[in-house]
Amino acid sequence: MPEHGSVNSLASTLQQQLADALTAALPDAGTADPLLRRSDRADFQANGILALAKKLKGNPRELASKVTAEIPSDGLIKEIEVSGPGFLNITLSDRAIIETLAARAADADRLGVPHNSAAGTTVIDYAQPNVAKEMHVGHLRSAVIGDAMAQILEFTGESVVRRHHIGDWGTQFGMLIQYLIEHPGELSHRGTDGEADGEAAMSSLNRLYKASRALFDADEAFKARSRDRVVALQAGDEETLALWQRFVDESKIYFYSVFNKLDMEISDPDIVGESGYNDMLEETTRLLEESGVAVRSEGALCVFFDDVKGPDGNPVPLIVKKSNGGYGYAATDLSAIRDRVQNLKATTLLYVVDARQALHFKMVFETARRAGWLNDDVTAVQLAFGTVLGKDGKPFKTREGETVKLEDLLDEAIERASTVVREKARDLTEDEITERATQVGIGAVKYADLSTSAARDYKFDLDQMVSLTGDTSVYIQYAHARSRSIKRKAGELRSQPHPELELAPAERALSLHLDQFAEVVAEVAAAYEPHKLASYLYQLSSLFTTFYDQCPVLKAEVPGDVAENRLFLSDLTARTLHQGMKLLGIRTPERL
């Protein structure tokens with residue numbers, strides 16, 4: 001049951017009235033959907049009567065007239081017209097529009113978005129970098145999409161548990177640890193000032209990785225010692241584990257510096273990497289084998305699927321335990337599912353993972369269902385995302401063909417944004433320009449990602465991202481700042497709704513869009529589609545720009561009540577833009 005914050009939208013109220021009128025006028029029709037949608041001929045159009053007329057073998061225009069006679073005269077509808085073969089064109093009253101927006105505005109923290117306290121628990125797996133490796137552009141989407149979805153789900157009432165399944169285990173650690181034992185003092189995260197420094201940590205890790213890899217490839221004796229070190233690590237040798245922990249800790253310093261630049265909060269308890277499930281692996285594989293879900297094939301423990309075959313037509317299994325006794329990713333992922341369902345009490349498992357891993361997760365989820373670890377009470381979903389492309393439409397690389405480092409990319413975005421902010425800055429100090437440039441640059445990168453449907457690839461074009469025109473975060477941030485500027489200049493003028501006034505076309509269009517905010521947030525949360533919230537905010541900014549041009553607030557000739565009502569609409573727009581962008585993880589500066 002939704003709790004505080006809920007305000008029925010004009011569309012939902014109208015939908016209910018039309019549904020009730022359909023039932024009253026046409027009792028033989030049963031429960032009928034009026035098929036209500038926005039229209040350019042009126043505020044809304046209802047098309048459901050056409051299908052009903054066909055079903056009841058009646059004249060659609062006559063049936064439409066019967067339905068309109070049953071609609072209550074309660075002030076919601078200003079005009080209803082039967083059009084064409086039986087459409088209903090509906091115009092709402094100005095009073096109803098402004099009174100509904102006033103109720104939204106009065107709900108200070110939520111703007112009428114319901115908070116469902118009976119919602120479930122979602123464990124969301126996102127932002128999964130690898131220990132001892134630099135984060136690159138490929139890590140961007142999981143972090144940005146996952147962070148936005150976590151905030152949106154929490155806002156609607158879902159209990160959210162974040163999990164960062166970092167790559168912190170594997171054979172490469174034998175090589176790294178052995179090198180560190182033989183070359184102590186090579187690992188340091190101290191910057192020039194002696195403080196813990198993410199860049200210094202990554203630089204140190206990179207140097208050590210390259211040196212250990214070169215020695216591993218060139219020296220057979222070192223290669224053998226490295227492999228022995230892997231065995232010691234997996235056996236839980238104290239010295240080896242302590243050194244492994246150093247690599248994890250150094251990497252976390254670096255991770256935190258990147259996530260901090262991305263304006264994302266990552267908590268240490270939420271980082272549960274591959275190693276966090278080591279103690280469960282043996283039991284997981286044993287349960288799979290005992291239940292018959294997994295079977296031995298050529299020495300390996302495998303799960304087979306009728307619909308998964310290789311190019312040769314033979315089945316391709318999910319390998320949970322290799323023939324040499326080692327565990328694959330599948331064993332770790334299945335153990336994570338057991339932990340998240342049984343211990344964290346998840347009702348939904350949401351994996352924000354590259355679309356190229358779709359087959360792996362399909363097989364993992366199906367295996368977990370067969371084993372009984374996923375049931376009708378738990379939903380497992382992969383929020384699959386596409387690839388970040390360069391301007392040429394190919395996977396984004398440097399000119400040398402290397403993967404683009406995430407930090408370099410973010411720094412360049414901030415630099416480009418600094419130019420835009422400086423051009424617009426009139427009364428900003430140098431410190432404020434620096435702060436705004438970070439908010440605009442990071443917001444631009446996030447929005448470009450979030451405004452694209454997650455499943456699609458998108459082109460990374462910084463010039464377009466920081467543009468003041470088009471579908472960009474800068475355009476939305478500028479609309480917000482413009483509204484805040486009106487408020488500052490308004491002086492003694494009150495922000496006050498006036499339901500008795502007749503709305504101008506631009507006021508009406510802006511108002512009807514403002515009223516859709518709660519429904520959009522609910523839709524985005526239910527379908528895991530943050531791009532729809534981005535699209536809503538861009539449209540809201542466009543409508544506000546038209547309103548700003550056509551409906552002056554502070555000009556002397558504007559009557560006081562009209563000015564107050566326009567200031568109210570401007571304020572509610574700014575608050576809606578701020579709340580919506582906050583859910584996407586993007587800042588909205590008061591001044592730009």
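A crossing is called left-handed if the near helix is turned anticlockwise from the far one by less than a right angle, and right-handed if clockwise. This is a predicted model: local features need pLDDT of at least 70 and side-chain atom pairs count only at pLDDT 80 or more, while totals for chains, interfaces and linings use all residues. Residues are numbered from 1 along each chain as its sequence is written, and side-chain values use heavy atoms, with hydrogens and water left out.

**View A. Helices α17 and α20 cross left-handed.** Helices (H or I, at least four residues) and strands (E, at least two) are DSSP runs, numbered from the N terminus. Here the axes of α17 (residues 505–514) and α20 come within 11 Å and cross at roughly 35°. Axes are lines fitted to C-alpha atoms, for helices over the stretch in contact, and angles run from 0 to 180 degrees between N-to-C directions. On the α17 side, look for E507, L510, S511 and L514; their counterparts on α20 are R566, L569, L572, T573 and T576. Contact means heavy atoms within 4.5 Å. Sorted by class, this contact has 4 nonpolar, 3 polar and 2 charged residues. Ala, Val, Leu, Ile, Met, Phe, Trp, Tyr, Cys and Pro count as nonpolar, Asp, Glu, Lys and Arg as charged, and the others, Gly among them, as polar.

**View B. Helix α20 also meets α19.** The axes of α19 (residues 530–550) and α20 (residues 560–583) come within 10 Å and cross at roughly 155°. That makes α19 roughly antiparallel to α20 (under 35 degrees is roughly parallel, over 145 roughly antiparallel, 65 to 115 roughly perpendicular, the rest oblique). This crossing of α19 and α20 is left-handed too. From α19, L533, Y536, L537, L540, S541, F544 and F547 take part, facing an α20 set that includes R566, L569, T573 and M581. The tally for α19 with α20 is 10 nonpolar, 5 polar and 1 charged residues.

**View C. Strands β7, β8 and β9 make an open antiparallel sheet, in that order.** At the edges sit β7 (295–297) and β9 (318–321), each pairing on one side only. Two strands pair if DSSP finds at least two bridges between them. Neighbouring strands here are turned by 50° against each other on average, direction ignored. Between β7 and β8 (residues 300–303) there are 3 bridges, and V295 has C302 in β8 as its bridge partner.

**View D. Helices α10 and α12 lie across strands of this sheet.** Helix α10 (residues 278–290) lies across β7, β8 and β9, at about 120° to β9. Helix α12 (residues 358–370) lies across β8 and β9, running at about 65° to β9.
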